[in-house]
Amino acid sequence: MLAPIVNFAQLRTASYGGDARAFIWVLAWDNHAVLDRVPSLFEANKLFPLPNALAYGEHLFSISLFTLPVYAVTRNPVLAYNVVWILAYLLTAAAVHLLAWRYTRDHLAAMTAALAFTFCFFRMHHGHGHLNLIWCFWIPLSFVAIDRWVERPNWFRLGVWTAILVLQALAAWYQAVLIVVADAIFLAWLFTAERRMPPLRQILVHGLVGAVVAFALVWPFARYYFILHSEPPSYAAQASADLAGWFVPPENTWMGQWLVAHNVKGPRWIWGELTVYLGWITVGLGVAGAIVALRSDDALTRRSRFFIVLCAIAAVLALGPSQSEVASGSFGWSPFGILAHVPGLSLFRIPARYTELMNLALALLAATACAALHRRFGAVGRVVTIALTVLLLTEFYVVKFPGGEPQPFPVPPVYKYVSTLPPGAILSLPDYARTDLWFLEADYQYFSTAHWHPAVNGDAREFPPQFIEVADRMKRFPAPDAADTMRATGVKYVVVHGAQRGGEALLAPAGASPDFRLRARFDRDYIFEVVPDVQRSEGSASR
């Protein structure tokens, strides 16, 4: 299933560009900060001289705990990323299997649920570059942990649930919101629909202790993100799910290819937040499972009704803000709008990503349907389940992926040379920030893993005006005001990629400038050093 979006033969060197390469840098930075005792995790080596630069993107810290052993042994950020990327799928399958088994006591049905969620199109779509969205196995595990705590509330089980919540929250902020919403719905269901409520005093004491511990662990990371701004309803509306996205097979599936070949309009490209196909077979099994859960007298089967509620609430949230909220320019009292009023949760700007919870709910309802099929028809039912599971996976299989499989992308020698130079920040040109080629900034972040010098370059969720002003002056290299700004901020080196568009034109004026001197050349990559004021003055006097 993963073959179209991974290069198993080149795990040490192969990577996609854009977000994938940015996340390679994030995880490597986290590991570097731990192993090499960097004073502050958030004072990352991108967007120099901006303070707390890591907060302008995901920190992925709890994911980095899994890359740490690989990075510590190999210092290879690409290998560490690829190992954990594969692990994301394996751990998700195991977690969903465990959850589905608790609701069905049927391993084949649980396997179907595990495969339906692990390889759903949402995860295949985001798999090429959004590790933060496929690292979600803690959510199904949190349902298991909550169920066990409600069954017998004690401090150990509370600790397990709290640890799971924290580990998911520290993986990515989107996942933090998803697990909080999902767990809140599950607790409400257990207390009201299933009437499984521990004594009120115990709920209050455990709830307070768990909340304090979770807050104490998450706040040191979360506090940096209040510098970011939430988006208006119009932005969220453009990133909201719709029926076509859920039910029309995308171009990059077998069925989507058939529809395109027969000139049927509707299939969407795999790259796009609104391509959130649920899968007809998964939906069919999910609907069948919902009917079984609603009609059954079996206590265990009836418990699956929760996933009907979860799917419905997630669907409403995924549809985003109401038209009146978009028209008014402010969030009101739609389900998505209510959450947008909550500090922190307001940073959840892409409603379509709630489809993740829909996929999980449908997978669990599919397991309910399969388990009922096995009880009713025995071996024949199991054969049907296996056949449906194969078809289900076929529906999600990615064909003609536009990016192909990831290819080896080594760090250029010029950046390895930087690691031998005295301390000093670096600017790489051409610069792509805030252009149509913004995703190429992630390459520079990845290259910096070879030297860890502070770098002006880098991608970000948003760029503060004061940073834009300073960075734009430096990017007028080799102009005198660029040199003055570099000296004032501590930028000592400029790498010019002559083979890139716009790079060649910088070389002649840089060579003629008294503010810069060529330090080294590697093929068509050049590194210039900013001439200090004192040396520049001495040079001018001698002439």
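Helices here are DSSP runs of H or I with at least four residues, strands are E runs of at least two, and both are numbered from the N terminus. This is a predicted model, with pLDDT of at least 70 needed for local features and 80 or more for side-chain atom pairs, while totals for chains, interfaces and linings use all residues. Residues are numbered from 1 along each chain as its sequence is written, and side-chain values use heavy atoms, with hydrogens and water left out.

**View A. The loop between α3 and α4, with R105.** R105 sits in the loop that links α3 (77-104) to α4 (107-118). Its phi is positive, about 55°, although R105 is not a glycine. For background, most residues other than glycine have a negative phi, and most peptide bonds are trans.

View B. P49 belongs to the loop between α1 and α2 (61-74). The other joins L429 and P430, and here omega is about 0°. Look for P430 in the loop between β3 (425-429) and α22.

**View C. Helix α7 against helix α8.** The axes of α7 (residues 138-151) and α8 (residues 155-169) come within 9 Å and cross at roughly 160°; axes are lines fitted to C-alpha atoms, for helices over the stretch in contact, and angles run from 0 to 180 degrees between N-to-C directions. The crossing of α7 and α8 is left-handed, meaning the near helix is turned anticlockwise from the far one by less than a right angle, with clockwise being right-handed. On the α7 side, the contact (heavy atoms within 4.5 Å) is made by W138, I139, L141, S142, A145, I146, R148, W149 and E151. From α8 come R157, L158, V160, W161, I164, L167 and Q168. Sorted by class, this contact has 11 nonpolar, 2 polar and 3 charged residues (Ala, Val, Leu, Ile, Met, Phe, Trp, Tyr, Cys and Pro are nonpolar, Asp, Glu, Lys and Arg are charged, and the others, Gly among them, are polar).

**View D. Helix α7 against helix α9.** With axes 10 Å apart, α7 and α9 pack at an angle of about 30°, and are therefore roughly parallel to each other. Their crossing is right-handed. W138, I139, S142, F143, I146, D147, W149 and V150 in α7 meet a set of α9 residues that includes L178, A182, F186 and L190.

**View E. Helix α23 against helix α24.** The axes of α23 (residues 465-474) and α24 (residues 480-489) come within 7 Å, crossing at roughly 125°. The two helices are therefore oblique to each other. V470, R473 and M474 of α23 make the contact with A482, T485, M486 and T489 of α24. That splits into 4 nonpolar, 2 polar and 1 charged.

**View F. The largest pocket.** Its volume is about 1400 Å³. A pocket is an open set of points on a 1 Å grid over the protein atoms alone, where a 1.4 Å probe fits and protein lies on both sides within 12 Å along at least five of seven lines; lining residues have an atom within 4 Å of a point. Grid points are joined across faces, edges and corners, and the volume is the space filled by probe spheres set on them. There are 50 lining residues, with D19, H130, R353, W438 and D459 nearest the centre. Elements giving two or more residues include α1 (19-35), α9 (173-192) and α22 (441-447). The largest share, 7 residues, comes from α1. By class, the lining has 25 nonpolar, 14 polar and 11 charged residues.

**View G. The second largest pocket.** This one has a volume of about 740 Å³. L165, V180, A214, F215 and V218 are the closest to its centre among the 31 residues that line it. At least two lining residues come from each of α8, α9 and α10 (200-222), and α10 provides the largest share, 10 residues. The lining has 25 nonpolar, 5 polar and 1 charged residues.

Definitions and conventions:
Angles under 35 degrees count as roughly parallel, over 145 as roughly antiparallel, 65 to 115 as roughly perpendicular and the rest as oblique.
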